[in-house]
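I opened the notebook to record what I looked up here. The entries follow in the order I made them.

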Amino acid sequence: MRYGVAELGIETPGKIIAVHLNYPSRIAQRGRTPKHPSYFLKPASSLAPTGGSVERPDGTELLAFEGEIALVIGEPASRVTPEDGWKHVAAVTAANDLGLYDLRAADKGSNLRNKGGDGFTPIGPRAIPVEGIGQDAWRVRTWVNGDLVQDDTSDTLAFPFGQLVADLSQHLTLETGDVILTGTPAGSSVVVPGDVVEVEVDAPNAPGAPSTGRLVTTVTQGTTPFGDFGSQPQVDDLQRIEAWGSESAHAAAVAAGRATPLTSPSTAGADEASQESALTEEIRAQLEGVAVATVSAALRKRGFVDIFIDGVHPNHEGDAILGVAKTLRFIPFRPDLFKKYGGGFNAQKRAFDTVNPGEVLVVEARGVPETGTVGDVLALRAQVRGAEGIVTDGGVRDFAAVQQFDIPVFSQGAHPSVLGRRHVPWEVDVTIACGGAAVQPGDIIMGDRDGVIVIPPSLLAEVAAEAAAQEDADAWVAEQVAGGAPVDGLFPMNAEWRTKYEAARAEEAQR
């Protein structure tokens, strides 16, 4: 037994398995939605007890904490079902899945060096037997220097505990004492030497409200540099922003003297930040020629009524867009903030310089049309990088020049002002409000002359299939009306007309 794991009443686990993304709050923060859980291994030598310390290695900058609920396997699990997966969990405890963003490039994907350092998996201090407590009853909270920074519950998970056990057991046997780290909620960020991190897991609504107690870890500064016989620590601005959680969090840390300022443009790590999108080529083809109005009707049936980016119009008649949202947020102008964040490689420039093919750059300009949020140079940059389009609920500067480009731009119209009249460029790749609609990175943006809508990725496949079918039916109805048929009973189709429609389509399919 090592590193205080004996305090949990288990042998040193043969496997420590960690989940990449699981909490919707963290998924939204990361801007990518996994279809299935994915995992990495942490070595047993990374375990550490409560009340211990963790060293930030010499020459590194971005040591991040992740408060998590840890599952301890009881009865071995092999090829179990999601319904039975929870039965193989004996206990729950608290864990801190520490990691060094500086070493992500060294082993991209495996996380061995950046997540596997000595002391990088504090666990404990107590394990809670799960008997009589459901998998949705748990809460995880994290404090840094006494401030609550993470607070979420297991009933929100994209992949419930039982599913994780079942999924892993399809291919490898989970043995008694194995530990599964189940993902971290939003709020994970960077800690620096002298910081104290505390993680607690409890079941507040269960009898007795059992708790693990607080898992306490103090960050210290290492003094031994890395040798020149392996990968060296590497940091860029994208890593800094992701590690701290957002540009505003990083900026606040810089102001407090806790972080290194952003330096220069970089797209390193951009491929790591991108995951497979719900917008496949098959769905693109399915939505070819389908009207935004038709898709919005399918969303309305599912209770999604506030998905319209209101007040925006295309710069070319006939423009249409379909792509994955990349977001940019402006805040109201303030001279001191603009002086600090408006110049150099600011958030606006970063957004246009890192937008990727297939993405739509969506700009929160607070619905203020009396200022330019896009100009000819930035629009051209987005076009050259292969963006699907730009949507802003503000104005467009150099409107005539932008109209000459091929890229679709939806806006409130033209305005000649330069940056700094009404806005400060603030954040990239965060949840925003554009034209009255909530937009998250990774959402699907669809627009035509009727307007622009936001489609949640989880609904895209079913909504696209329904809308494509409805578009076909509407086209057939239009043919009947053009031939003299009255709309009563035809639009929408009653049973008689539906039978005729299905017969006509069946006949076409046999040709």
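I began with a pair of helices: R240, I241 and W244 of helix 5 meet E247, A249, H250 and A253 of helix 6. Contact means heavy atoms within 4.5 Å, and helices (H or I, at least four residues) and strands (E, at least two) are DSSP runs numbered from the N terminus.

I noted that the model is predicted: local features need pLDDT of at least 70, side-chain atom pairs count only at pLDDT 80 or more, and totals for chains, interfaces and linings use all residues. Residues are numbered from 1 along each chain as its sequence is written, and side-chain values use heavy atoms, with hydrogens and water left out.

How do the axes of helix 5 and helix 6 cross? I found that the axes of helix 5 (residues 237–244) and helix 6 (residues 247–255) come within 7 Å and cross at roughly 95°. Axes are lines fitted to C-alpha atoms, for helices over the stretch in contact, with angles from 0 to 180 degrees between N-to-C directions. The two helices are therefore roughly perpendicular to each other (65 to 115 degrees).

Next I checked helix 4 (residues 161–169), where 7 of the 9 residues are buried (under 20% relative accessible area, 1.4 Å probe, protein chains only). Among the buried ones I listed F161, L164 and L168. Their cover includes strand 1 (16–19), strand 7 (89–96) and helix 2 (82–85).

Last I looked at R26, in helix 1 (residues 24–30). R26 counts as buried because its relative accessibility is 3%. Leaving out residues up to four places away in sequence, R26 touches L21, E66, Y101, T184, P185, A186 and S188.

Terms used
Buried means under 20% relative accessible area, exposed over 50%, partly exposed in between (1.4 Å probe, protein chains only). Angles under 35 degrees count as roughly parallel, over 145 as roughly antiparallel, 65 to 115 as roughly perpendicular and the rest as oblique.
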